[in-house]
Amino acid sequence: MKESDQLDAAFSALANPTRRAILARLAQGEATVNTLAEPFDMSLPAVSKHIRVLEDAGLITRGRDAQFRPCTLNAQPLEAVANWTDHYRHIWELRFDLMGSILENMKEVKDE
């Protein structure tokens, strides 16, 4: 998969709060589909579809342990997302610095 395609797939997968919650759970360690489905008020097939999207995006892998297929977080695509967003960090920092200056000026005016 090309880097841009992988990035698109990762962002698409991360756009859904259920999938982000599944990734957060997997950050604690591997889990079965049943375990991942527990906190959600949806059917097991619906959770399985979310897992499939994450797997297709390369964000998780599924192993085989007897009859179980535990899911594991694959952080490499998340690193690609982090690297992409890091290119824009300077914009955020400039805006936060500007906002800090504005707030400081507002505080000084209020104190006068």
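Which helix does His50 lie in? His50 lies in helix 4, which spans residues 44-56. Let's take a few close-up views to see what surrounds it and what else is there. The model shown is predicted, so local features need a pLDDT of at least 70 and side-chain atom pairs count only at pLDDT 80 or more, while totals for chains, interfaces and linings use all residues. Residues are numbered from 1 along each chain as its sequence is written, and side-chain values use heavy atoms, with hydrogens and water left out.

View 1. Helices here are DSSP runs (H or I, at least four residues), numbered from the N terminus. With a relative accessible area of 14%, His50 is buried; buried means under 20% relative accessible area, exposed over 50%, and partly exposed in between (1.4 Å probe, protein chains only). Setting aside neighbours within four places in sequence, His50 is in contact with Asn16, Thr18, Arg19, Ile22 and Met42, where contact means heavy atoms within 4.5 Å. Arg19 is 31 residues from His50 in sequence, yet their C-alpha atoms are 6.1 Å apart in space.

**View 2. Thr18, a contact of His50.** You will find Thr18 in helix 2. Its relative accessibility is 13%, so Thr18 counts as buried. Apart from neighbours within four places in sequence, Thr18 is in contact with Phe40, Met42 and His50.

**View 3. Ile22 and the largest nonpolar core.** A nonpolar core is a set of buried Ala, Val, Leu, Ile, Met, Phe, Trp, Tyr and Cys residues joined through side-chain atoms within 4.5 Å. The largest one has 20 residues, and Ile22 and Ile51 touch the most other members. Two or more residues come from each of helix 1, helix 2 (17-26), helix 3 (33-37) and helix 4. Helix 1 gives the most to this core, with four residues. Not counting residues up to four places away in sequence, Ile22 touches Leu36, Phe40, Val47, His50, Ile51 and Leu54.

**View 4. Helix 1 crossing helix 5.** The axes of helix 1 (residues 3-14) and helix 5 (residues 76-86) come within 9 Å and cross at roughly 95°. Axes are lines fitted to C-alpha atoms, for helices over the stretch in contact, and angles run from 0 to 180 degrees between N-to-C directions. The two helices, helix 1 and helix 5, are therefore roughly perpendicular to each other, a label for angles of 65 to 115 degrees (under 35 is roughly parallel, over 145 roughly antiparallel, and the rest oblique). From helix 1, Gln6, Leu7, Ala10, Phe11 and Leu14 meet Pro77, Leu78, Ala80, Val81, Trp84 and Thr85 of helix 5.

**View 5. The aromatic cluster of Phe11, Trp84 and Tyr88.** Rings of Phe, Tyr and Trp (its six-membered ring) pair if their centres lie within 6.5 Å; planes under 30 degrees apart count as stacked, over 60 as edge-to-face and the rest as tilted. Two aromatic pairs are counted by this rule. Phe11 and Trp84 form an edge-to-face pair, 5.3 Å centre to centre with 75° between the planes. This pair links distant parts of the chain, with Phe11 in helix 1 and Trp84 in helix 5, 73 residues apart. The ring centres of Trp84 and Tyr88 are 4.9 Å apart and their planes are at 50°, so this pair is tilted. Phe11 is partly exposed at 33% relative accessible area, Trp84 is partly exposed at 37%, and Tyr88 counts as partly exposed at 36%.
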